[in-house]
Amino acid sequence: MGVLNSSMLHKAQDMGVVEFKYINLRDYGRGPRQQVDDTPYGGGDGMLLMVDPLVRAIEDAKKNDPPALVILPTPRGLTYRQSEAKALASDNNGLIILCPRYEGYDERVTHWVDRQYSIGNYILTGGEIPAMVIVDSVVRLLPGVLGGETSAAIESFQDDDLTVEFPQYTRPDSYRGLDVPQVLLSGHHAQIEAWRATRRNHNN
Ligand code: ADE
C-alpha cells in the first residue's frame, strides 16, 4: 500500500526496524471463486466477511509470529489514542491488523481478536485507513525511526491529555505582515518555554 512506502515507514523498513507482510483473504476463500463473504442472517444490505477465511488467515499469520496481537479496526471499538500506540510499540511480538469493511464481518471473528479500535467517531468505508493510522502511529515510536532528537518522547499527546503542540515558526521573521512572536527571537530560554506553555491547547 502506498502509505507504507511514505518516507518514515519506508525508512523504518530499510532500517530493519519493521517488516510488513500482506495476507490476501481470498487465499482463504471458499470454493472455486474463493468466496470470502456471504449475505447476513436476518437480512440486510451488503455482504459480510465470513468467519472461517478470517480465522484461518489469523491462524496462519500467528504461525509466523506466535504471540502477535490481533487488532480489528471498528467504529465500535475503543477510541485509539497515543497511549494505545505506545503500548503497541513496546510490544515486540508483531501485530496482525484486519482490514474489514464496516458492518462487514461476522461478529464471531471477535473471539480471535485481542483489541478493537475506533480511530474516531465517524464511519469510513473500510479498515485500511484505520490500519494505516495504527501502523504509522506505532512505527514512528519504534527506536531509531524518528532520528535525531527524541521528539516522539517529548512531543504533545504524550499523556492523552489532548495537549496540542505549541505553534512553531521558521524564517523569514516577517511574512506579508505576519511577524514571528518576538519572544521566540529573543534567545531567552525561560521566556520561550513560558510562552510555549501558554500556547499549548490553543486549538482546543
Ligand atoms: N472502520 C470504519 N470506520 C472506522 C473507524 N472510525 N475506526 C475504525 N475502523 C473503522
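Is S118 buried or exposed, and what is its relative accessible area?

Tutor: S118 is buried, because its relative accessible area is 4%, and buried means under 20%, exposed over 50% and partly exposed in between, with a 1.4 Å probe and protein chains only as cover. The structure is a predicted model, in which local features need pLDDT of at least 70 and side-chain atom pairs count only at pLDDT 80 or more, whereas totals for chains, interfaces and linings use all residues. Residues are numbered from 1 along each chain as its sequence is written, and side-chain values use heavy atoms, leaving out hydrogens and water.

S118 belongs to strand β5; strands are DSSP runs of E with at least two residues, helices are runs of H or I with at least four, and both are numbered from the N terminus. Beyond its neighbours within four places in sequence, S118 is in contact (heavy atoms within 4.5 Å) with T74, P75, G77, L78, T79 and Y80.

Polar contacts, which are pairs of N or O atoms within 3.5 Å, can then be examined in turn. A backbone N or O atom of T74 is 3.2 Å from a ligand nitrogen. For I119, a polar backbone atom lies 3.0 Å from a nitrogen atom of the ligand, and for Y122 the corresponding distance to a ligand nitrogen is 2.8 Å. On its own the ligand has 260 Å² of accessible area, and the protein covers 100% of that area.

Y122 also has a place on the surface. This residue sits in the loop between β5 (115-118) and α4 (128-139) and is partly exposed because its relative accessibility is 42%. Together with L124, I129 and V133, Y122 forms a nonpolar surface patch with about 340 Å² of accessible area. Such patches join residues with over 30% relative accessible area and no salt bridge: nonpolar side chains (Val, Leu, Ile, Met, Phe, Trp, Tyr) within 5 Å, and like charges within 9 Å. The areas come from the Shrake-Rupley method with a 1.4 Å probe, and for residues only the protein chains shown count as cover.

As for the whole chain, 7 helices and 7 strands make up its secondary structure, in the order α-β-β-α-β-α-β-β-α-α-β-β-α-α. Of its 204 residues, 35% are buried. Among contacts with a separation of 6 or more, 68% link residues 24 or more positions apart. The chain exposes about 13100 Å², of which carbon and sulfur atoms supply 51%.

Charged pairs complete the picture. The whole structure holds 7 salt bridges, each a side-chain nitrogen of Lys or Arg within 4 Å of a carboxyl oxygen of Asp or Glu. Among them is R56 with D52, whose closest N and O atoms are 2.9 Å apart. These two residues are separated by about one helical turn because they lie 4 residues apart in helix α2 (residues 51-64). R56 is partly exposed at 33% relative accessibility, and D52 is partly exposed at 42%. Another pairs D38 with R30 at 3.4 Å between the closest N and O atoms.

Notes. Polar contact = N/O pair within 3.5 Å; in protein donor to acceptor, adjacent residues only side chain to side chain.
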